[in-house]
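Me: I'm new to this one. Can you walk me through it?

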Amino acid sequence: MIDFSPTEDQLAFQKLAREFAQKEIAPKAAHHDETGEYPWEIARKAWEAGLLNTHIPQEYGGMGLGVLDGCIIAEEIAAACSGIGTAMEANTLAEAPVIVGATDEQKRKWLAPMVEEFRLAAYAVTEPGAGSDVAGIRTTARKVGNEYVINGSKMWITNGGVADWYFVLALSDPSRGARGMSAFIVPKGAPGLEIGKKEQNLGQRASDTRGLSFNDVVVPLENRIGAEGRGWFLAMSAFDHTRPVVAAAAVGVARSALEHSVRYAKERMTFGVPISSHQAIAFMLAEMARDVEASRLLVWRAAWRVDRGESAQAEAALAKLMAADTCMRVTTDAVQIFGGYGYNREYPVEKLMRDAKIFQIYEGTSQIQRHILSKAVIKRGR
Ligand SMILES: Cc1cc2nc3c(=O)[nH]c(=O)nc-3n(C[C@H](O)[C@H](O)[C@H](O)COP(=O)(O)OP(=O)(O)OC[C@H]3O[C@@H](n4cnc5c(N)ncnc54)[C@H](O)[C@@H]3O)c2cc1C
């Protein structure tokens with residue numbers, strides 16, 4: 001029997017997230033978009049409300065929520081502002097490989113404090129010369145006695161300037177390529193860690209994106225997550241868990257664009273009738289609704305599979321691809337429906353269109369999702 005009804009707990013989280021988003025995020029979204037100021041107050045309140053770090057297991061003080069729960073929350077937050085949502089979700093991405101690969105002691109050290117106090121984390125994998133091609137990273141971690149010495153640069157790191165710790169992928173054995181990669185936690189303020197300037201991005205401007213430089217940064221052996229050579233696996237393992245959540249945020253932005261468009265189309269008059277009476281606009285709204293609903297179903301299915309412990313790499317890629325491309329198309333159509341007003345900062349939809357673009361780029365570009373999906377389709381024959 002297939003059941004699409006959220007559980008009582010999921011409905012409660014959806015309500016909590018929706019009310020939080022409407023009360024705390026929506027009124028300040030334009031301010032953070034305009035100024036690029038990091039949303040400290042909102043992120044702290046979200047942490048107090050239990051909307052951050054939701055997947056940290058209960059034995060480390062967290063709620064141990066599933067990926068589907070995270071998707072339901074992420075859609076609501078992003079519908080109000082996906083820039084602030086990304087600032088909040090960066091913790092999830094940094095924590096995911098730690099949940100998968102860290103020892104009990106490491107989880108007590110790095111995950112439990114995220115629940116006990118308001119703290120932030122970042123996932124530092126991309127480099128100036130290697131984004132899609134993660135195997136091309138150059139950052140090294142040289143073992144010296146009971147320590148590692150890290151050297152190299154990371155680029156486009158969300159929460160780069162605000163994190164209390166960084167999940168860092170580096171080559172502990174450069175001769176072995178991806179199999180020579182190990183994962184480390186580098187705490188904020190480690191000597192030799194330099195934080196770059198905040199990048200001025202097209203959209204999601206509340207989120208803090210920066211480059212990082214590692215100049216002989218020393219971390220003890222106990223900061224290595226997983227065995228030597230397991231870094232690639234851990235860094236990639238995060239994506240099955242986080243891609244559905246990112247895709248859910250794209251659904252939230254697209255949904256918001258659709259809702260704004262419907263309201264506007266019923267009010268705006270041309271040729272003596274509301275523009276929603278013109279079939280060209282009405283069909284655009286229908287297609288927007290079609291794609292938002294289809295994306296949400298793919299997102300929920302991918303999340304459901306991850307929560308059941310089933311392999312979901314292709315499903316997560318499909319959900320991310322569909323939701324990201326839908327988000328870009330639907331927000332662009334929203335600008336079209338608003339006409340000249342859509343192109344103006346006084347109206348809400350140009351922000352949504354700017355915010356949408358990044359969903360086709362981060363957490364694996366839409367081309368990389370097609371690559372993953374095509375391999376699965378060819379292998380499975382369907
Ligand atoms: C705002 C923002 C936040 C980010 N946050 C983080 C973060 O927190 N942590 C982190 O580690 N990274 C982060 N990233 C990095 C992001 O994941 C990368 O930018 C992304 O993976 C693409 O890598 P790239 O920019 O090097 O582009 P490239 O890999 O150079 O790709 C350039 C173009 O070529 C295409 N392409 C590349 N390879 C192929 C191929 N094999 N087949 C077909 N097309 C291909 C791509 O799709 C893209 O269109 C962030 C980026 C941005 C912009």
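**Helix packing and the ligand site**

Reply: Let's start with a helix pair. Helix α1 passes helix α3 in a right-handed crossing. Keep in mind that this is a predicted model.

Me: Which residues make the contact of α1 with α3?
Reply: From α1, the contact uses Q10, F13, Q14, A17, R18, F20, A21, I25, A26 and A29. From α3 come L68, D69, I72, I73, E76, I77 and A80.

Me: How many of those are nonpolar, polar or charged?
Reply: The α1 contact with α3 has 12 nonpolar residues, 2 polar and 3 charged.

Me: What angle do the two axes cross at, and where do the helices sit in the chain?
Reply: The crossing is at roughly 25°, and the axes come within 7 Å. Helix α1 covers residues 8-35, and helix α3 covers residues 67-80. Angles under 35 degrees count as roughly parallel, so α1 is roughly parallel to α3.

Me: Switching topic. Which residues come nearest the ligand?
Reply: There are 16 residues around the ligand, and Y123, T126, S132, T365 and Q367 come nearest.

Me: What does Y123 put by the ligand, backbone or side chain?
Reply: Backbone. An N or O atom of the Y123 backbone lies 2.7 Å from a ligand nitrogen atom.

Me: And T126, backbone or side chain?
Reply: Side chain. A polar atom there lies 2.7 Å from a nitrogen atom of the ligand.

Me: What about G131?
Reply: A polar backbone atom of G131 is 3.3 Å from an oxygen atom of the ligand.

Me: Back to helices. How do α8 and α9 pack?
Reply: Helix α8 (residues 279-307) and helix α9 (residues 313-337) pack at about 155°, with axes 9 Å apart. That makes α8 roughly antiparallel to α9.

Me: Left-handed or right-handed?
Reply: α8 passes α9 in a left-handed crossing. Their contact has 17 nonpolar, 3 polar and 6 charged residues.

Methods: Residues numbered from 1 in each chain as written. Predicted model: local features only at pLDDT ≥ 70, side-chain atom pairs only at ≥ 80, totals over all residues. Heavy atoms only, no water. Axes fitted to C-alpha atoms, helices over the stretch in contact; angles between N-to-C directions. Helix = DSSP H or I, 4+ residues; strand = E, 2+ residues; numbered from the N terminus. Parallel < 35°, antiparallel > 145°, perpendicular 65-115°, else oblique. Left-handed = near helix turned anticlockwise from the far one by under 90°. Contact = heavy atoms within 4.5 Å. Nonpolar A, V, L, I, M, F, W, Y, C, P; charged D, E, K, R; others polar. Near = heavy atom within 4 Å. Polar contact = N/O pair within 3.5 Å; in protein donor to acceptor, adjacent residues only side chain to side chain.
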